[in-house]
Amino acid sequence: MLVKAILLGLVGVLAVVDSRLIGRQNIGRPLILSTLAGLALGDLKTGITLGASLELISMGMVSIGAAGPPNMQLGSIIATAFAILSGSSTETALTIAIPVAVAGEFMSIIMRMVIAQFAHVADTSIEKGNFRTAEIIHIYWSFIFNAIIYFIPIFLTVYFGAGVVKDLVDMIPQIITDGLTVAGNMLSALGFAMLLSTMLSKKLVPYFLFGFFIVAYSGLDLIGVTIFSAFLAFIVDQMNFKKEASV
(Lines give C-alpha, C1' and ligand atoms only; values in the text may rest on other atoms or scores of the structure.)
Protein backbone atom coordinates (compact mmCIF):
# COMPACT_ATOMS: atom_id res chain seq x y z
CA MET A 1 0.00 0.00 0.00
CA LEU A 2 2.94 2.33 0.67
CA VAL A 3 4.16 2.09 -2.92
CA LYS A 4 0.65 2.62 -4.29
CA ALA A 5 0.12 5.66 -2.07
CA ILE A 6 3.42 7.16 -3.24
CA LEU A 7 2.60 6.51 -6.91
CA LEU A 8 -0.80 8.17 -6.58
CA GLY A 9 0.78 11.08 -4.75
CA LEU A 10 3.17 11.49 -7.69
CA VAL A 11 0.20 11.48 -10.07
CA GLY A 12 -1.07 14.47 -8.08
CA VAL A 13 2.32 16.14 -8.42
CA LEU A 14 2.13 15.57 -12.18
CA ALA A 15 -1.10 17.59 -12.20
CA VAL A 16 0.82 20.44 -10.57
CA VAL A 17 3.62 20.16 -13.14
CA ASP A 18 1.04 20.53 -15.90
CA SER A 19 -0.25 23.91 -14.81
CA ARG A 20 2.72 25.37 -12.92
CA LEU A 21 5.86 24.42 -14.86
CA ILE A 22 5.09 23.37 -18.45
CA GLY A 23 1.97 25.36 -19.16
CA ARG A 24 -1.54 24.01 -19.60
CA GLN A 25 -1.09 20.71 -21.47
CA ASN A 26 -4.34 19.22 -20.10
CA ILE A 27 -2.44 16.49 -18.26
CA GLY A 28 -4.32 17.57 -15.15
CA ARG A 29 -7.73 16.73 -16.64
CA PRO A 30 -9.77 14.07 -14.75
CA LEU A 31 -9.66 11.71 -17.74
CA ILE A 32 -5.84 11.67 -17.74
CA LEU A 33 -5.36 11.65 -13.96
CA SER A 34 -7.91 8.87 -13.34
CA THR A 35 -6.34 6.82 -16.12
CA LEU A 36 -2.88 7.26 -14.60
CA ALA A 37 -4.27 6.42 -11.15
CA GLY A 38 -5.85 3.27 -12.57
CA LEU A 39 -2.58 2.37 -14.26
CA ALA A 40 -0.67 2.83 -10.99
CA LEU A 41 -3.13 0.56 -9.19
CA GLY A 42 -3.22 -2.08 -11.92
CA ASP A 43 -6.81 -1.45 -13.04
CA LEU A 44 -6.60 0.67 -16.17
CA LYS A 45 -10.17 -0.07 -17.26
CA THR A 46 -11.73 1.33 -14.08
CA GLY A 47 -9.44 4.36 -14.29
CA ILE A 48 -10.53 5.16 -17.83
CA THR A 49 -14.21 4.58 -17.03
CA LEU A 50 -14.14 6.84 -13.99
CA GLY A 51 -12.01 9.40 -15.78
CA ALA A 52 -14.49 9.69 -18.63
CA SER A 53 -17.40 10.19 -16.22
CA LEU A 54 -15.50 12.70 -14.09
CA GLU A 55 -14.44 14.56 -17.24
CA LEU A 56 -18.09 15.05 -18.17
CA ILE A 57 -18.78 16.42 -14.70
CA SER A 58 -15.80 18.78 -14.67
CA MET A 59 -16.45 20.15 -18.17
CA GLY A 60 -19.31 22.19 -16.78
CA MET A 61 -17.32 23.53 -13.83
CA VAL A 62 -15.70 26.88 -14.53
CA SER A 63 -14.31 29.70 -12.40
CA ILE A 64 -16.74 32.58 -12.11
CA GLY A 65 -15.29 35.72 -10.57
CA ALA A 66 -13.56 34.89 -7.30
CA ALA A 67 -15.44 31.61 -6.93
CA GLY A 68 -13.31 28.62 -7.83
CA PRO A 69 -14.79 25.31 -9.03
CA PRO A 70 -14.27 22.09 -7.04
CA ASN A 71 -10.74 20.70 -7.31
CA MET A 72 -11.45 17.80 -9.66
CA GLN A 73 -7.78 16.86 -9.78
CA LEU A 74 -7.77 15.71 -6.18
CA GLY A 75 -11.29 14.37 -6.52
CA SER A 76 -10.43 12.29 -9.57
CA ILE A 77 -7.33 10.65 -8.11
CA ILE A 78 -8.83 9.89 -4.70
CA ALA A 79 -12.17 8.68 -6.11
CA THR A 80 -10.39 6.37 -8.54
CA ALA A 81 -8.20 5.02 -5.75
CA PHE A 82 -11.23 4.38 -3.55
CA ALA A 83 -13.14 2.64 -6.34
CA ILE A 84 -10.26 0.29 -7.13
CA LEU A 85 -8.95 -0.37 -3.62
CA SER A 86 -12.35 -0.78 -1.95
CA GLY A 87 -14.05 -2.54 -4.84
CA SER A 88 -16.97 -0.11 -4.79
CA SER A 89 -19.03 0.70 -7.88
CA THR A 90 -18.25 3.45 -10.34
CA GLU A 91 -21.40 5.33 -9.33
CA THR A 92 -20.39 5.31 -5.65
CA ALA A 93 -16.91 6.56 -6.58
CA LEU A 94 -18.46 9.45 -8.52
CA THR A 95 -20.41 10.57 -5.47
CA ILE A 96 -17.20 10.40 -3.41
CA ALA A 97 -15.34 12.54 -5.96
CA ILE A 98 -17.52 15.65 -5.55
CA PRO A 99 -17.18 16.09 -1.74
CA VAL A 100 -13.44 15.39 -2.02
CA ALA A 101 -13.17 17.94 -4.84
CA VAL A 102 -15.06 20.56 -2.81
CA ALA A 103 -12.82 19.96 0.21
CA GLY A 104 -9.83 20.14 -2.12
CA GLU A 105 -10.92 23.56 -3.32
CA PHE A 106 -11.05 24.86 0.26
CA MET A 107 -7.53 23.55 0.71
CA SER A 108 -6.50 25.23 -2.56
CA ILE A 109 -7.81 28.56 -1.30
CA ILE A 110 -5.66 28.29 1.81
CA MET A 111 -2.73 27.27 -0.37
CA ARG A 112 -3.15 30.37 -2.54
CA MET A 113 -3.30 32.57 0.55
CA VAL A 114 0.07 31.20 1.63
CA ILE A 115 1.59 31.45 -1.84
CA ALA A 116 0.44 35.06 -2.06
CA GLN A 117 2.85 35.81 0.78
CA PHE A 118 5.69 34.53 -1.38
CA ALA A 119 5.03 37.46 -3.70
CA HIS A 120 5.79 39.93 -0.92
CA VAL A 121 9.11 38.21 -0.25
CA ALA A 122 9.86 38.33 -3.97
CA ASP A 123 9.00 42.05 -4.09
CA THR A 124 11.42 42.71 -1.26
CA SER A 125 14.14 40.74 -3.06
CA ILE A 126 13.58 42.74 -6.26
CA GLU A 127 13.84 46.02 -4.36
CA LYS A 128 17.20 44.83 -3.04
CA GLY A 129 18.30 43.77 -6.52
CA ASN A 130 18.18 40.04 -5.76
CA PHE A 131 16.46 39.06 -8.99
CA ARG A 132 17.67 35.47 -8.85
CA THR A 133 15.97 35.06 -5.46
CA ALA A 134 12.71 36.41 -6.87
CA GLU A 135 12.96 33.98 -9.79
CA ILE A 136 13.51 31.03 -7.44
CA ILE A 137 10.53 32.08 -5.31
CA HIS A 138 8.13 32.37 -8.23
CA ILE A 139 9.22 29.24 -10.08
CA TYR A 140 10.41 26.78 -7.44
CA TRP A 141 8.94 27.77 -4.07
CA SER A 142 5.40 27.98 -5.41
CA PHE A 143 5.73 24.71 -7.32
CA ILE A 144 7.20 22.81 -4.37
CA PHE A 145 4.50 24.10 -2.04
CA ASN A 146 1.78 23.16 -4.55
CA ALA A 147 3.31 19.71 -4.98
CA ILE A 148 3.37 19.11 -1.23
CA ILE A 149 -0.24 20.26 -0.86
CA TYR A 150 -1.31 17.74 -3.52
CA PHE A 151 0.99 14.87 -2.56
CA ILE A 152 0.33 14.71 1.18
CA PRO A 153 -3.52 14.53 1.15
CA ILE A 154 -3.52 11.92 -1.61
CA PHE A 155 -0.82 9.86 0.09
CA LEU A 156 -2.45 9.95 3.52
CA THR A 157 -5.94 9.28 2.17
CA VAL A 158 -4.85 6.29 0.12
CA TYR A 159 -2.45 4.88 2.70
CA PHE A 160 -4.77 5.10 5.70
CA GLY A 161 -8.22 5.36 4.14
CA ALA A 162 -8.73 2.49 1.74
CA GLY A 163 -9.70 -0.04 4.39
CA VAL A 164 -11.84 2.47 6.25
CA VAL A 165 -13.68 3.41 3.08
CA LYS A 166 -14.31 -0.26 2.26
CA ASP A 167 -15.82 -0.81 5.71
CA LEU A 168 -18.00 2.27 5.32
CA VAL A 169 -19.16 1.15 1.88
CA ASP A 170 -20.06 -2.28 3.26
CA MET A 171 -22.09 -0.62 6.05
CA ILE A 172 -24.17 1.48 3.65
CA PRO A 173 -27.76 0.15 3.38
CA GLN A 174 -28.90 -1.08 -0.02
CA ILE A 175 -31.45 1.72 -0.42
CA ILE A 176 -28.71 4.34 -0.01
CA THR A 177 -26.42 2.47 -2.42
CA ASP A 178 -29.20 2.52 -5.00
CA GLY A 179 -29.63 6.24 -4.42
CA LEU A 180 -25.91 6.79 -4.88
CA THR A 181 -26.06 4.84 -8.13
CA VAL A 182 -28.83 7.07 -9.46
CA ALA A 183 -27.02 10.21 -8.28
CA GLY A 184 -23.78 9.08 -9.88
CA ASN A 185 -25.51 8.56 -13.21
CA MET A 186 -27.08 12.02 -12.98
CA LEU A 187 -23.81 13.81 -12.17
CA SER A 188 -22.32 13.15 -15.61
CA ALA A 189 -25.50 14.35 -17.31
CA LEU A 190 -25.55 17.44 -15.07
CA GLY A 191 -21.95 18.33 -15.91
CA PHE A 192 -22.60 17.99 -19.62
CA ALA A 193 -25.82 20.02 -19.32
CA MET A 194 -23.88 22.81 -17.57
CA LEU A 195 -21.39 22.78 -20.43
CA LEU A 196 -24.14 22.96 -23.06
CA SER A 197 -25.80 25.84 -21.24
CA THR A 198 -22.71 27.98 -21.85
CA MET A 199 -22.10 27.05 -25.50
CA LEU A 200 -25.38 25.88 -27.01
CA SER A 201 -26.96 28.35 -29.45
CA LYS A 202 -29.65 28.29 -32.12
CA LYS A 203 -26.94 27.70 -34.70
CA LEU A 204 -25.63 24.61 -32.89
CA VAL A 205 -28.94 23.06 -31.78
CA PRO A 206 -29.51 21.19 -35.11
CA TYR A 207 -26.07 19.55 -34.85
CA PHE A 208 -26.72 18.55 -31.26
CA LEU A 209 -30.11 17.02 -32.09
CA PHE A 210 -28.64 15.35 -35.18
CA GLY A 211 -25.94 13.71 -33.06
CA PHE A 212 -28.47 12.70 -30.41
CA PHE A 213 -30.71 10.91 -32.91
CA ILE A 214 -27.73 9.18 -34.55
CA VAL A 215 -26.70 7.74 -31.19
CA ALA A 216 -30.27 6.83 -30.27
CA TYR A 217 -31.35 5.13 -33.51
CA SER A 218 -28.31 4.22 -35.66
CA GLY A 219 -26.90 1.51 -33.43
CA LEU A 220 -23.36 2.90 -33.87
CA ASP A 221 -20.97 2.71 -30.94
CA LEU A 222 -19.07 5.73 -29.60
CA ILE A 223 -16.10 5.24 -31.94
CA GLY A 224 -18.37 4.98 -34.97
CA VAL A 225 -20.24 8.14 -34.04
CA THR A 226 -16.93 9.97 -33.47
CA ILE A 227 -15.60 8.97 -36.91
CA PHE A 228 -18.89 9.93 -38.55
CA SER A 229 -18.88 13.29 -36.72
CA ALA A 230 -15.29 14.01 -37.78
CA PHE A 231 -16.17 13.50 -41.44
CA LEU A 232 -19.29 15.64 -41.07
CA ALA A 233 -17.30 18.43 -39.40
CA PHE A 234 -14.72 18.31 -42.20
CA ILE A 235 -17.43 18.52 -44.89
CA VAL A 236 -19.20 21.43 -43.18
CA ASP A 237 -15.88 23.24 -42.70
CA GLN A 238 -14.97 22.81 -46.37
CA MET A 239 -18.37 24.05 -47.49
CA ASN A 240 -18.13 27.13 -45.29
CA PHE A 241 -14.54 27.78 -46.38
CA LYS A 242 -15.42 27.63 -50.08
CA LYS A 243 -18.43 29.85 -49.47
CA GLU A 244 -16.28 32.49 -47.76
CA ALA A 245 -13.60 32.21 -50.46
CA SER A 246 -16.13 32.78 -53.24
CA VAL A 247 -17.36 35.95 -51.52
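**Close-up 1. Helices α3 and α4 pack together in this predicted model.** Two packed helices are described by the angle between their axes and the distance between the axes. Here, α3 covers residues 44-59 and α4 covers residues 72-86. The angle is about 145°, and the axes lie 10 Å apart. The crossing of α3 and α4 is right-handed. From α3, the contact uses Thr 46, Gly 47, Leu 50, Leu 54, Ile 57 and Ser 58. From α4 come Met 72, Ser 76, Ala 79, Thr 80, Ala 83 and Ile 84. Seven of these residues are nonpolar and five are polar. None is charged.

**Close-up 2. Thr 35 sits in helix α2.** Its side chain reaches the backbone oxygen of Leu 31, at 2.6 Å. Beyond its neighbours within four places in sequence, Thr 35 touches Pro 30, Leu 44, Gly 47 and Ile 48. Gly 47 also belongs to the α3 side of the contact with α4.

**Close-up 3. Phe 228 is part of helix α9, residues 222-246.** Is Phe 228 buried, partly exposed or exposed? Phe 228 counts as partly exposed because its relative accessible area is 39%, and that class lies between 20% and 50%. Neighbours within four places aside, Phe 228 contacts Phe 210 and Ile 214. Gly 211 is 17 residues away along the chain, yet the C-alpha atoms of Phe 228 and Gly 211 are separated by 9.7 Å.

Close-up 4. The average pLDDT is 76, and 79% of the residues score at least 70.

Technical notes
Residues are numbered from 1 along each chain as its sequence is written. This is a predicted model: local features need pLDDT of at least 70, side-chain atom pairs count only at pLDDT 80 or more; totals for chains, interfaces and linings use all residues. Side-chain values use heavy atoms; hydrogens and water are left out. Axes are lines fitted to C-alpha atoms, for helices over the stretch in contact, and angles run from 0 to 180 degrees between N-to-C directions. Helices (H or I, at least four residues) and strands (E, at least two) are DSSP runs, numbered from the N terminus. A crossing is left-handed if the near helix is turned anticlockwise from the far one by less than a right angle, and right-handed if clockwise. Contact means heavy atoms within 4.5 Å. Ala, Val, Leu, Ile, Met, Phe, Trp, Tyr, Cys and Pro count as nonpolar, Asp, Glu, Lys and Arg as charged, and the others, Gly among them, as polar. pLDDT is the predictor's confidence in each residue, from 0 to 100. A polar contact is a pair of N or O atoms within 3.5 Å; within protein, one must be able to donate a hydrogen and the other to accept it, and residues adjacent in sequence count only if both atoms are side-chain atoms. Buried means under 20% relative accessible area, exposed over 50%, partly exposed in between (1.4 Å probe, protein chains only).
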